[in-house]
Amino acid sequence: MGGKRDKDDEAYGKPVKYDPSFRGPIKNRSCTDVICCVLFLLFILGYIVVGIVAWVYGDPRQVLYPRNSTGAYCGMGENKDKPYLLYFNIFSCILSTNIISVAENGLQCPTPQVCVSSCPEAPWTVENSQFLQTVGEVFYTKNRNFCLPGVPWNMRVITSLQQELCPSFLLPSAPALGRCFPWTNVTPPVLPGITNDTTIEQGISGLIDSLNARDISVKIFEDFAQSWYWILVALGVALVLSLLFILLLRLVAGPLVLVLILGVLGVLAYGIYYCWEEYRVLRDKGASISQLGFTTNLSAYRSVQETWLAALIVLAVLEAILLLVLIFLRQRIRIAIALLKEASKAVGHMMSTMFYPLVTFVLLLICIAYWAMTALYLATSGQPQYVLWASNVSSPGCENVPINTSCNPMVQPVNSSCPGLMCIFQGYSSTGLVQRSLFNLQIYGVLGLFWTLNWVLALGQCVLAGAFASFYWAFHKPQDIPTFPLFSAFIRTLRYHTGSLAFGALILTLVQIARVILEYIDHKLRGVQNPVARCIMCCFKCCLWCLEKFIKFLNRNAYIMIAIYGKNFCVSAKNAFMLLMRNIVRVVVLDKVTDLLLFFGKLLVVGGVGVLSFYFFSGRIQGLGKDFESPHLNYYWLPIMTSILGAYVIASGFFSVFGMCVDTLFLCFLEDLERNDGSLDRPYYMSKSLLKILGKKNEVPPGNKKRKK
């Protein structure tokens with residue numbers, strides 16, 4: 001038996017040998033994965049160049065501000081006091097194309113558009129008696145300043161309408177997305193080319209749904225303005241609860257884990273009892289699956305006895321497995337509880353680590369904001385192109401007009417032989433070098449986004465691992481803990497291991513991009529009903545998901561080894577994997593116990609904040625005084641959901657630090673067992689509680705005597 005065990009140990013590497021010079025995270029180390037570091041820095045330099053190119057050639061005003069028919073921006077320059085865009089005939093947006101196409105073209109429509117200071121408030125239509133009057137009499141003197149710029153005062157109204165220089169009707173509108181959209185209850189006017197059929201009404205509703213969104217957004221803004229300070233109070237409560245939960249684990253970890261495990265056993269036992277009762281009732285009735293047969297109505301299977309019998313068997317097996325685990329792995333569960341207590345002590349000695357997620361959050365925000373701005377500038381890097389367009393090309397006089405040829409929007413065509421001829425926006429040019437390379441530059445930006453995000457997350461893991469490793473390998477706690485462990489680990493990681501972090505982040509990035517590509521292909525093939533193709537796609541997606549999870553697990557432990565020993569990524573990943581495989585049972589037990597505990601912690605924090613927020617914002621808490629009254633809100637669920645989401649983010653940030661602490665201390669604990677034997681020259685660094693559980697002892701207990709040099 002012993003020889004077989006030795007062979008198994010050899011398969012996963014040899015145990016770590018004693019090193020008399022080892023005192024925790026190595027200080028005298030050298031740069032690792034230099035080639036990958038250089039590649040990463042060159043990539044970042046290229047990423048910056050892409051951003052500069054996008055900034056030089058891009059113009060986000062094309063997205064942020066609407067353009068009129070002359071190509072000028074509304075709300076800027078000469079139109080500074082005219083921030084809204086008015087469509088002369090908004091029905092042409094529906095008559096010419098579908099709503100999706102209109103949205104993709106920046107809400108451009110084949111109708112004259114003019115910048116206005118305010119949207120029309122009342123319906124109006126040109127009457128027959130006004131056709132021979134002047135534009136000044138019908139429009140300007142009546143404060144209807146909706147004609148194109150430069151239309152003379154003395155032009156006949158009939159002429160301005162024929163040349164589409166002034167609108168033939170106005171609808172009461174409201175601004176949305178910088179454009180004047182009609183109200184939903186407006187009846188379309190009876191004009192040539194416009195009918196009141198269902199298609200038109202649906203099209204109008206599709207265009208002006210944003211008005212309802214605008215009303216809702218105003219109410220949402222009012223609710224946030226009324227309740228923001230109470231939301232901050234709720235987030236403060238979440239922060240305090242998360243911190244208290246972690247710090248109190250050193251006192252209640254054991255009882256809490258026991259209660260949680262018994263709770264799981266109780267839930268499974270109740271499930272077995274419930275399934276048995278349902279099975280017994282259906283068995284007495286004689287309800288069998290043979291009577292039901294095969295059906296796609298899954299709820300029908302609840303009425304047959306075989307369903308509940310199968311559920312009963314599954315739950316009974318799970319209950320038995322959990323009981324066997326408690327009986328035969330109770331020692332390892334005690335070790336996991338002791339490590340959780342030790343992690344709580346480590347966090348208590350290094351409180352600054354609890355707020356390191358703020359640094360990670362800021363860096364992630366910078367990466368996302370830079371990518372978003374670069375993508376926006378790249379998308380608007382082309383020059384706007386304008387072409388000639390007519391509403392009815394087959395009209396008399398339009399046969400010889402060069403439709404779809406480029407034109408100057410500053411000089412609108414005046415051609416009486418072709419009614420409705422105008423110069424309209426078509427799109428953005430793609431003839432320049434930047435425009436021809438736009439797709440490649442966007443791909444480069446996406447790769448940069450994934451790589452930088454993964455690198456920032458890797459930096460946080462490695463920094464926290466370095467800080468917590470310095471706690472474990474301090475023989476006299478807390479005297480031997482470095483003064484600024486988190487700052488020292490941060491500087492050490494940036495100085496020596498940027499390349500190793502970039503290497504691990506690149507591997508994960510390639511897998512994630514492969515998953516994105518696969519999701520895109522799956523989205524495109526949604527309409528394909530081939531079951532074989534669907535099955536193959538699902539298998540590929542499942543494999544890539546498993547691969548991503550495994551790489552994240554491997555990277556996390558590799559960063560811990562990098563933080564401790566300062567070796568390159570591949571060696572660290574190999575050593576971490578071999579160490580974990582030599583202690584696979586302990587790994588599984590600790591992982592599941594930690595997951596159960598942190599899940600309960602998140603549930604406690606988020607549930608507590610959610611319940612308090614619900615009772616407060618819904619006005620169910622009375623007698624708090626005028627200063628503590630709940631604000632009057634349009635949607636009281638809005639601050640509740642915001643508080644719950646914020647509490648989840650805060651709890652996840654705190655517990656991610658605690659999870660990293662547990663993983664780091666666990667690897668250090670495994671190495672401590674292999675490296676040392678408790679003798680005077682090779683004492684254990686673990687706590688007394690761990691030594692007691694393992695039945696070991698130090699000849700020089702930590703904290704009592706000085707270690708022999």
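Predicted model: local features only at pLDDT ≥ 70, side-chain atom pairs only at ≥ 80, totals over all residues.
1. Overall make-up. The chain contains 22 helices and eight strands. It has 709 residues, of which 43% count as buried.

2. Contacts along the sequence. Among the contacts in the chain with a separation of 6 or more, 73% are between residues 24 or more positions apart.

3. An edge-to-face pair. The structure holds 23 aromatic pairs. In one of them, the ring centres of Tyr 47 and Tyr 370 are 4.9 Å apart and the planes stand at 85°, so this pair is edge-to-face; the angle is over the 60 degrees used as the limit for that class. The pair links distant parts of the chain, since Tyr 47 belongs to helix α2 (residues 34-57) and Tyr 370 to helix α13 (residues 356-379), 323 residues apart. Tyr 47 is buried, at 4% relative accessible area, whereas Tyr 370 is partly exposed, at 31%.

4. A tilted pair. The rings of Tyr 559 and Phe 569 have centres 6.2 Å apart and planes at 50°, so the pair is tilted. Tyr 559 lies in helix α18 (residues 531-565) and Phe 569 in helix α19 (residues 569-581), so the pair ties together parts that are 10 residues apart in sequence. Tyr 559 is buried, with a relative accessible area of 2%, and Phe 569 also counts as buried, at 4%.

5. An aromatic cluster. Tyr 47 and Tyr 370 belong to one aromatic cluster together with Phe 40, Phe 43, Tyr 444, Trp 451 and Trp 455.

How values were computed:
Residues numbered from 1 in each chain as written. Heavy atoms only, no water. Helix = DSSP H or I, 4+ residues; strand = E, 2+ residues; numbered from the N terminus. Buried < 20%, exposed > 50% of the residue type's maximum accessible area, 1.4 Å probe, protein only. Contact = heavy atoms within 4.5 Å. Phe/Tyr/Trp six-rings, centres within 6.5 Å; stacked < 30°, edge-to-face > 60°.
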